[in-house]
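Here's a quick briefing to read alongside the structure. Have the viewer open and follow the topics in turn.

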Amino acid sequence: MKMNKNEFLERLRKGLAGLPEDDLSERLDFYGEMIDDRVEEGLSEEEAILEIGSPEEIAWQIIADYPLGKLVKKKMKPKRSFRAWEIVLLVLGSPVWLPLLAAAVVVALSLYVSVWAIIVSLWAVFASFAGTAFGGLVSGIAFISIGNTLTGAAMIGACLLLSGLSIFTFFGCKAATKGILLLTKKAAIGIKNLIIGKGDM
Amino acid sequence: MDIQLKRGLLDVCVLAAIKDEDSYGYKIIKDLKPYVELSESTLYTILKRLEAAEMLTVRSAEHGGRLRKYYHITEAGLHRIEEFCEEWREVMSIYNFVTKEKAQNENE
């Protein structure tokens, strides 16, 4: 691995890419001086560099010791200026994307509301069955107690039928609610993936 | 060795190397070699730290047709060396006490 001063400094510069420019040039000057001083003592450039070490390892050591805050600040800088014109674009485009976004939100909201309306109406059917069954039972007993046995018997018969139906609808409603909830959850995940993308995007 | 302790020791070593006369990077490394092996990147970090703490100043001077950086100790730097010597007088007396105790225990 023989290299001269220029090669060494070039490889060190590559290894330190990403450091602030003034800091980078100061470090390169420092290593350049270290090589020159050894050459002045009678070493060749190659021998001087052998003493100092490989530029890649030195760069790695410098990066490892570098304060993280400074590195992050440096990395964020080009993105910040990009964001500035991104914001301008967003503002200028707002007449187009704002109504579209509003419409999408309204559609999603109405879908959500209608799904819940189905659930509510199913349970309302169950409630009316159960309610009439209970009411029929009460009035049937009342009819029998005032002597109108035939009407009372018919009433109680009807209420038995209704309670049977209400039990039936109860399980139906339960299953339907469960199914719809699962469906809305899947739809929500689907919409999320559509916007954000799955993992690696 | 404890990293904080080592850092403090190296700082004082570099200050001591420029105490009597201004010095430059390669000479500091050579002068310290019998006592401590300093890599270039370690020395750079120490010099930066001492400069920020105003314990030394840097100037560039012409040498053999190129520029070389010379490091000059300040009052604060000299004060740091004094402080170090006082601290270590105490540390040494504790060390003597501890090793004496140890020697006695081993003799018993």
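Predicted model: local features only at pLDDT ≥ 70, side-chain atom pairs only at ≥ 80, totals over all residues.

Reading chain B from the N terminus, the elements go α-β-α-α-β-β-α. Chain A has seven helices and zero strands.

**The two chains, one by one**

- Chain B has 108 residues, and 21% of them count as buried.
- Take the contacts in chain B between residues at least 6 apart in sequence: 50% of these join residues at least 24 apart.
- Chain A runs α-α-α-α-α-α-α from its N terminus.
- For chain A, 11% of the 201 residues count as buried.
- With contacts in chain A between residues at least 6 apart in sequence, the share joining residues at least 24 apart is 60%.

**The sheet in chain B**

- Three strands of chain B make an open sheet, ordered E1-E3-E2, with antiparallel pairing.
- Strand E1 (23–24) and strand E2 (56–63) of chain B sit at the edges with a single partner strand each, so each has one side without a neighbour in the sheet.
- E2(B) and E3(B) run antiparallel and are joined by eight bridges.
- If you'd like a spot to look at in that pairing, find Glu62(B), whose bridge partner in E3(B) is Leu67(B).

**How H1 and H4 of chain B pack**

- Helix H1 (residues 3–17) and helix H4 (residues 75–107) of chain B have axes that come within 10 Å and cross at roughly 125°.
- An angle from 65 to 115 degrees would count as roughly perpendicular and one over 145 as roughly antiparallel; H1(B) and H4(B) are therefore oblique to each other.
- As for handedness, H1(B) passes H4(B) in a left-handed crossing.
- On the H1(B) side, the residues that meet H4(B) are Val12(B), Leu15(B) and Ala16(B). Facing them from H4(B) are Gly77(B), Arg80(B), Ile81(B) and Phe84(B).
- Sorted by class, this contact of H1(B) with H4(B) has five nonpolar residues, one polar and one charged.

**Where chain B meets chain A**

- On the chain B side, 10 residues are in contact with 14 residues of chain A.
- Which elements of chain B give two or more residues to the side that touches chain A? They are helix H2 (25–32), helix H3 (40–52) and strand E3 (66–73).
- H3(B) supplies the largest share of that side, with four residues.
- The residues on the side of chain B that touches chain A split into two nonpolar, four polar and four charged.

**A closer look at Tyr26(B)**

- You'll find Tyr26(B) in helix H2 of chain B.
- Is Tyr26(B) buried or exposed? Tyr26(B) has 20 other C-beta atoms within 10 Å, and a residue counts as buried if there are 20 or more, so Tyr26(B) is buried.
- Leaving out residues up to four places away in sequence, Tyr26(B) touches Met34(A), Asp37(A) and Arg38(A).
- Within its own chain, Tyr26(B) is 17 residues from Leu43(B) in sequence, and their C-alpha atoms are 9.6 Å apart in space.

Definitions and conventions: Residues numbered from 1 in each chain as written. Chains lettered and ligands numbered in written order. Contact = placed C-beta atoms within 7 Å. Nonpolar A, V, L, I, M, F, W, Y, C, P; charged D, E, K, R; others polar. Axes fitted to C-alpha atoms, helices over the stretch in contact; angles between N-to-C directions. Parallel < 35°, antiparallel > 145°, perpendicular 65-115°, else oblique. Left-handed = near helix turned anticlockwise from the far one by under 90°. Pairing = 2+ DSSP bridges. Buried ≥ 20, exposed ≤ 12 C-beta atoms within 10 Å, placed from the backbone.
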